[in-house]
Amino acid sequence: MGERGCWPSMDLMRSERMQLVQIIIPVESAHQTVSYLGDLGLLQFKDLNADKSPFQRTYAAQIKKCGEMARKLRYFKVQMAKAGLEPKAKPLGKPDMDIDDLEIKLEELEGELVEVNTNQDKLQRTYNELVEYQLVLQKAGEFFSSALSSAIAQQRDMESQQGAEESLETPLLLEQQTLNDSSKQVKLGFLTGLVPKETSMSFERILFRATRGNVFLKQSAIEGPVIDPASGEKTQKNAFVILFSGDRAKNKIGKICEAYGANRYPFSEELTKQAQMLTEVSGRISELKSTIDAGLLHRDHLLQTIGDRYEQWNTLVRKEKSIYHTLNMLSVDVTKKCLVGEGWSPVFASKQVQEALERAAFDSNSQVGSIFRVLQTRESPPTYFRTNKFTSAFQGLVDAYGVAKYQEANPAVFTIVTFPFLFAVMFGDWGHGICLLIATLFLIAREKKLSSQKLGDIMEMMFGGRYLILLMSLFSIYTGLIYNEFFSVPFDLFGPSAYACRDLSCKDSTTIGLIKVGNTYPFGVDSAWHGTRSELPFLNSMKMKMSILLGVAQMNLGIILSYFNAKFFRNSVNTWCQFIPQMIFLNALFGYLSFLIIIKWVSGSQADLYHILIYMFLSPTDELGENELFPMQRNVQRHAGQSYIPLENQDESLQVEANHDSHGHGHGEFEFSEIFVHQLIHTIEFVLGAVSNTASYLRLWALSLAHSQLSTVFYEKVLLLAWGYNNIFILIVGFIVFAFATIGVLLVMETLSAFLHALRLHWVEFQNKFYEGDGYMFCPFSFVLAEEEEE
């Protein structure tokens, strides 16, 4: 054989041959070695320190350090998201600093960013307080100015009417106070501030009750939201002025303001001081605005610098953390100078692993090289299939049922063809298939762009299975041409119809039937069957028999694969006591039925297959009469009906299996009673399953009929009905309804339904004939896989 390179040709039929290897690495080159093995991605390490807690392991401190660095990077990402910045794409090439330099760099950047954010928060809080203070000065100044003007005007009116008056109506309190005795004058205090609008009514009621009505409250709504200095959130607020008398009332009001989150601000009665305070506050606001803008510019520049290197730093930290996690799985030699590791590796990867070990020892200037050797073991190896972007979706369908046992036959090889074909049998319509094909070709044409984007859950699944959907659409076009259905409309694509009506008007085609006037239609169903009284009986009979033929063929394939498994594992007992009885039972019953179906199709006989199959067991010696399809049929059925015997020799099969394992693995004590019961159940399950599984394949007929009839209903009862009104508006509405019904029901719901039924046929009816699926997947230490899982 010629040289096949680093990656041999892909073989999906059997999983890759695996080997348990041991590597002994000097401590000084351990980090570099594990890093190179992570780049290679072909070695699955075993945890040799499973009995130790994470804090007792050798490299716990390094993992803690990487975790702290990862926390800082997450903090940077949150800050960039708040600033509306996105990290740049990961640059190519190696990072320009090691992990120790990066730790120092991140520490400096975090300290600087925290300091900048702290100063910004303080400045922003002060700015918000000054903005509120400015609003309070404006609203309170308007209130006091209007009150003073009103009081002066009322005083002048009263003096002109009454002359010398000893009392003056005070507009602020709306009560009369005597002014002739200065000792009886009352000095009023006041408070100003802002209160949230949603609590302003409750705030007013509490003030009234707490002071027994001995306050005067004036509120004025602030236009637009105000940023609260404490919470930093935008809220609607009211400016208030409270007039009170006495220190006791002042203390009560202060506590109520604190409880309601009302911010209080100082205010002067003198107009000149009010103007001076307003000017000072406006000046400070302008200065703070400039300072905040400069701080934001500095923070954005700092975050931009971080964003340019974020992905590179994040990748480096993740790699380092995964390296130390892997190193913690290795055991320390008694001399504490070497690390010993064990793991699974494909046989073909031995050379690559040894090259990586040699390169790591050279690059780390280690005086001693690493030791690589293969260990003999009875452990069951992991299962590893090398897939590409085309086969990965099909392998994923199989793995969702269960990972293959080591080197057993892989159903994915046959699923590549059988899955889309069985889907197409249920979905057959070449118009709908073309729609699926167009959507799939769009995904394939943009796969490079879409593979680098974050897609939704549903879109991600569709993109991952794009080649599966491609084959589903192609097979749907093929079966649609066989069914001769294009959105339920037949076409004479391969020649003229072989049938004609009995009269020229063709009015009797739905009542009397058709007559054959030409050669048989060369491919698929003749379009003349569409719309006739014989359409449903003909298609039902054809699709039902076709479903049985497909089901029996696929179940036979499953049993044949069980033979190849037995041959591969050198288990002759399973060949003689399981494969042969199962083939005899299945084909003597349903294989014979399939044989009769083919003979009936070829000969054009009118024989009743139900009658033949039932009376083959009830009365095998009776004459067949018109139900005889071939010579000596009665003798064949008499021998078959009278010679059914138990299928499998359970005792011998399992007694031999208990003492011989294909992998050479050890077994526990042999229990004859348990094995006998288990195999008896297995035998009964197969006998009953052969009947139920064959009947289960009739879903191919049922779903194909449902899809065809739904398509016909949408076409005739929506599109043709709208066309008959001869109105452009009704035609447009009808076409829109037809399009949405076709997309929503036939291209989405029916696609999903046919997909799930095809999946069930493979998982239950096909794979249970040979597939154990009790293995475990090969999960190598790989930086690429770790990055994909992270994303």
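Visitor: How much space lies in the largest cavity?
Guide: The model is a predicted one. Its count of cavities of 30 Å³ or more comes to one. The space in the largest cavity is about 90 Å³.

Visitor: Which residues lie nearest the centre of the largest cavity?
Guide: The lining of this cavity consists of 13 residues. By class, five are nonpolar, five polar and three charged. Nearest the centre lie Tyr483, Asn484, Glu485, His530 and Glu535.

Visitor: Which helices each supply at least two residues of the lining of the largest cavity?
Guide: The protein chain has 22 helices and 15 strands. Two or more lining residues come from each of α14 (535–568) and α20 (699–724).

Visitor: Is α13 largely enclosed by the rest of the structure or exposed, and how many of its residues are buried?
Guide: A residue counts as buried when its relative accessible area is under 20%. Across the protein chain of 791 residues, 42% are buried. Helix α13 is largely enclosed by the rest of the structure, because its buried residues number 13 of 18.

Visitor: Which residue with a positive phi follows α13?
Guide: Most residues other than glycine have a negative phi. After α13 comes a residue whose phi is positive, near 60°. That residue is Asn484.

Visitor: Is Ser488 buried or exposed?
Guide: Ser488 lies in the loop between α13 and β14 (499–501). Its phi is positive, near 75°, in a residue other than glycine. With a relative accessible area of 1%, Ser488 is buried.

Visitor: Is Asn726 buried or exposed?
Guide: Asn726 is found in the loop between α20 and α21 (728–766). Phi of Asn726 is positive too, near 55°. Exposed means over 50% relative accessible area. At 74% relative accessibility, Asn726 is exposed.

Visitor: How far apart in space are Leu37 and Gln352, C-alpha to C-alpha?
Guide: Leu37 belongs to helix α1 (residues 30–40). In sequence, Leu37 and Gln352 are 315 residues apart. Their C-alpha atoms are separated in space by 9.2 Å.

Visitor: Which residues does Leu37 touch, not counting those up to four places away in sequence?
Guide: Leu37 is buried, with a relative accessible area of 1%. A contact requires heavy atoms within 4.5 Å. On that basis Leu37 touches Ile23, Leu42, Leu43, Phe45, Val353, Ala356, Leu357 and Phe781.

Visitor: Which residues are in contact with Thr33, leaving aside neighbours within four places in sequence?
Guide: Thr33 is also in helix α1. Its relative accessible area is 0%, and Thr33 is buried. The residues in contact with Thr33 are Ile25, Leu357, Ala360 and Ser370.

Conventions. Residues are numbered from 1 along each chain as its sequence is written. This is a predicted model: local features need pLDDT of at least 70, side-chain atom pairs count only at pLDDT 80 or more; totals for chains, interfaces and linings use all residues. Side-chain values use heavy atoms; hydrogens and water are left out. Helices (H or I, at least four residues) and strands (E, at least two) are DSSP runs, numbered from the N terminus. Buried means under 20% relative accessible area, exposed over 50%, partly exposed in between (1.4 Å probe, protein chains only). On a 1 Å grid over the protein atoms alone, a cavity is a set of points where a 1.4 Å probe fits but cannot get out, and a pocket is an open set with protein on both sides within 12 Å along at least five of seven lines; lining residues have an atom within 4 Å of a point. Grid points are joined across faces, edges and corners, and a volume is the space filled by probe spheres set on the points. Ala, Val, Leu, Ile, Met, Phe, Trp, Tyr, Cys and Pro count as nonpolar, Asp, Glu, Lys and Arg as charged, and the others, Gly among them, as polar.
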